[in-house]
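Visitor: I have a structure to go through. Can you take my questions in turn?

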Amino acid sequence: MNEKRPIATIRPDFPILTTTVDGHPLVYLDNAATTHKPQGVIDAITNFYRFHNANIHRTVYRLAETATEQFEAVREKVARFIHAQDSCEIIFTKGTTEGINLVAQSWARHHVKAGDEILVSGLEHHSNLIPWQQVCKETGAVLRIIPVLADGTLDMAKAHELMTGKTKLLAIIHVSNMLGTQVDVASLSRRAHEVGARVLVDAAQSIAHQPINVTALGCDFLAFSGHKMLGPTGVGVLYINRSVHDQMTPYQYGGGMIMEATYDGARFLTAPRQFEAGTPHIAGVIGLGAALDYIQKNIPFDELRKHEAALVKRTIAGLSCMPRIRLLGPLDHLATQGHLISFVVEGMHAHDVAAYCDRFGICIRAGHHCAQPLARQLGVDAAARISFYAYNTMQEVEIVLEVLERMVADPLYGGR
Amino acid sequence: MYQEELLNHYHRPRNQGRLEHPDFSCSRLNPLCGDQVMYEGAISDGTISDLKFTGSGCVISQATASLLGEHVRGKKIETVLSLDKVAVLSLIGISLGPTRMQCALLPLEALQQGINEYLKRSINA
């Protein structure tokens, strides 16, 4: 019998949440930047170093074989988690950004030519924009941008129009880290494949919040980071559909990806090892495995969605009543399915908003959220962002609303 | 959070405005957050005889611009060029983490760059 544990009960599993800041309990609302780690993930990493540490793939003594088995078991786990066909489609990277850069260097630079087009959206994080700008500069290809509408959603009609026989790659964010917009990737993928383009999905902001099925999404590449899904920093995953493997050239060369080497040349291993030169962040991968276990055991996605949406809905309702606050993004969507909300305060810089909240132990993000072009389009230099995960509570929402209400009325900060 | 004096300078900035015929003019922008400061200054006998600033941004960047402007008026340019992070921190009287430190250093960068450009022009003249 499956024991269903209410999401609200997971909080004690996260030791950092007992921290206080100047006597205030930590109110951590910056989960889009990084998530905290359950004790089980912390233990998995330290236990690896304490009991199982060895280099992997390279030798036969039992300590190393166990480490290799544990490492490869996580690869299998990840493959099942995102419904990949085979674990050879799972490459371990150091994060989303590296994964995207790997595709840019290993695939796009060799297959995108002058006059071809790469299509991205106006919502993209710098990590899924700048690599493609560079590829276009180097190859003479053209970068096209799907426009963002006033409500923060994408102009899907225009998106379909922009995909033509010239399009070689659609690189698209799944959930916007700045606005929380969810993109209908499956629909865009279908169109992309119709015109013969490959599809890369930036799943950094979606992997921890909803079930990901690479077949359903229809993507050829998908990248995400461990640290945004309760795992350690310095580890991530790049999914590469088997159909593209033959078209890839290695990204980094060295030990760990060699089949045979002479002084004159080398033959390389196939995917995934072909893309994992050097000793990986083994402990990080073990930690990622523990994070996956934790999520699958304790955080059912349908309940998570309801939990986060309720927090967002209450936050939106509370902020809407306050003077000087302008909310950003598709509010109806966020109130039913989102996990974050960004806003600007008239007459107050976002840094000062975050600093004010910090006095009370509240952690919110302020800045352009690595999406300068999007911020510019919205007419903001910097926005404040509140982002939730499973361990946040309605009580924390009430605390931040109370603090913000006092802040906007404070004459020292432009209030009346 | 912010000392009274800092907030004072934020709400009532000193020496805000433009100079008609500045000897130097330099603007710095932090694209990470949109903080911006521009100084226009007059130099005579190797000292800063007049200085005005304009800008927009957070309390730290704007208040520091005002405090720094007030502090360097009448000072020798060598003295101004020797100011550093430590000097700025003691001027504003609060401790800052590395991210916020960028906000506080922006005015100094604008000021010192402006003076250096003036010196380069004077040598070449």
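Guide: First, a cut-off: buried means under 20% relative accessible area, exposed over 50%, and partly exposed in between. Keep in mind that this is a predicted model.

Visitor: Is A:Tyr253 buried or exposed?

Guide: The cut-off for exposed is over 50% relative accessible area. A:Tyr253 has a relative accessible area of 55%, so this residue counts as exposed.

Visitor: Where in chain A is A:Tyr253 found, and which residues does A:Tyr253 touch, not counting residues up to four places away in sequence?

Guide: A:Tyr253 sits in the loop between helix H8 (242-245) and strand S11 (258-261) of chain A. Leaving out residues up to four places away in sequence, A:Tyr253 touches A:Phe268 and A:Ala277.

Visitor: What separates the C-alpha atoms of A:Tyr253 and A:Ala266?

Guide: Along the chain, A:Tyr253 and A:Ala266 are 13 residues apart. Their C-alpha atoms are separated by 9.9 Å.

Visitor: In what order do the 7 strands of the open sheet in chain A run?

Guide: The pairing in this sheet is mixed. The order in chain A is S4-S10-S9-S8-S7-S5-S6.

Visitor: Which strands stand at the edges of that sheet?

Guide: An edge strand here has a single partner strand, so one side is left without a neighbour in the sheet. That applies to S4 and to strand S6 (142-146) of chain A.

Visitor: By how much are neighbouring strands of this sheet turned against each other on average?

Guide: Direction is ignored for this value.

Visitor: In which sense do S4(A) and strand S10 of chain A pair, and which residue of S10(A) is the bridge partner of A:Ile90?

Guide: S4(A) and strand S10 (residues 236-240) of chain A pair over 4 bridges, in the antiparallel sense. In S10(A), A:Ile90 has as its bridge partner A:Tyr239.

Visitor: Which residues point the other way from A:Ile90 and A:Phe92 on strand S4 of chain A?

Guide: Strand S4 of chain A covers residues 90-93, and all of these residues are buried. A:Ile90 and A:Phe92 point one way. Pointing the other way are A:Ile91 and A:Thr93.

Visitor: How many bridges join strand S8 to strand S9 of chain A, and what is the bridge partner of A:Leu200?

Guide: Strand S8 (residues 198-202) and strand S9 (residues 221-225) of chain A run parallel, joined by 3 bridges. In S9(A), the partner of A:Leu200 is A:Phe221.

Visitor: Which strands of chain A does helix H2 lie across, and at what angle to S4(A)?

Guide: Helix H2 of chain A spans residues 62-81 and lies across S4, S9 and S10. Relative to S4(A), helix H2 runs at about 120°.

Visitor: Where does helix H1 of chain A bend?

Guide: Helix H1 (residues 39-52) of chain A reaches 18 Å from its first C-alpha to its last, close to the 20 Å expected. There is still a bend of about 25° in H1(A). The bend is at A:Thr46.

Visitor: What covers the buried residues of H1(A)?

Guide: In H1(A), the buried residues include A:Val41 and A:Phe48. Their cover includes, in chain A, H2 and helix H9 (282-298).

Visitor: Which residue forms a salt bridge with A:Arg75?

Guide: A:Arg75 counts as buried, at 1% relative accessibility. The closest N and O atoms are 2.7 Å apart, and the partner is A:Glu72.

Visitor: How many residues apart in sequence are the parts tied together by A:Glu89 and A:Arg242?

Guide: The side chains of A:Glu89 and A:Arg242 meet in a salt bridge, 4.0 Å from N to O. A:Glu89 lies in the loop between H2 and S4 of chain A and A:Arg242 in helix H8 of chain A, so the pair ties together parts whose distance in sequence is 153 residues.

Visitor: In chain B, is B:Gln62 buried or exposed?

Guide: B:Gln62 lies in helix H2 (residues 59-72) of chain B. Among the residues that B:Gln62 touches are B:Tyr10 and B:Phe53. At 8% relative accessibility, B:Gln62 counts as buried.

Terms used
Residues are numbered from 1 along each chain as its sequence is written. Chains are lettered from A and ligands numbered from 1 in the order in which they are written. This is a predicted model: local features need pLDDT of at least 70, side-chain atom pairs count only at pLDDT 80 or more; totals for chains, interfaces and linings use all residues. Side-chain values use heavy atoms; hydrogens and water are left out. Helices (H or I, at least four residues) and strands (E, at least two) are DSSP runs, numbered from the N terminus. Buried means under 20% relative accessible area, exposed over 50%, partly exposed in between (1.4 Å probe, protein chains only). Contact means heavy atoms within 4.5 Å. Two strands pair if DSSP finds at least two bridges between them. Axes are lines fitted to C-alpha atoms, for helices over the stretch in contact, and angles run from 0 to 180 degrees between N-to-C directions. The expected span of a helix is 1.5 Å times one less than its number of residues. The bend at a residue is the angle between axes fitted to the seven residues ending there and the seven starting there.
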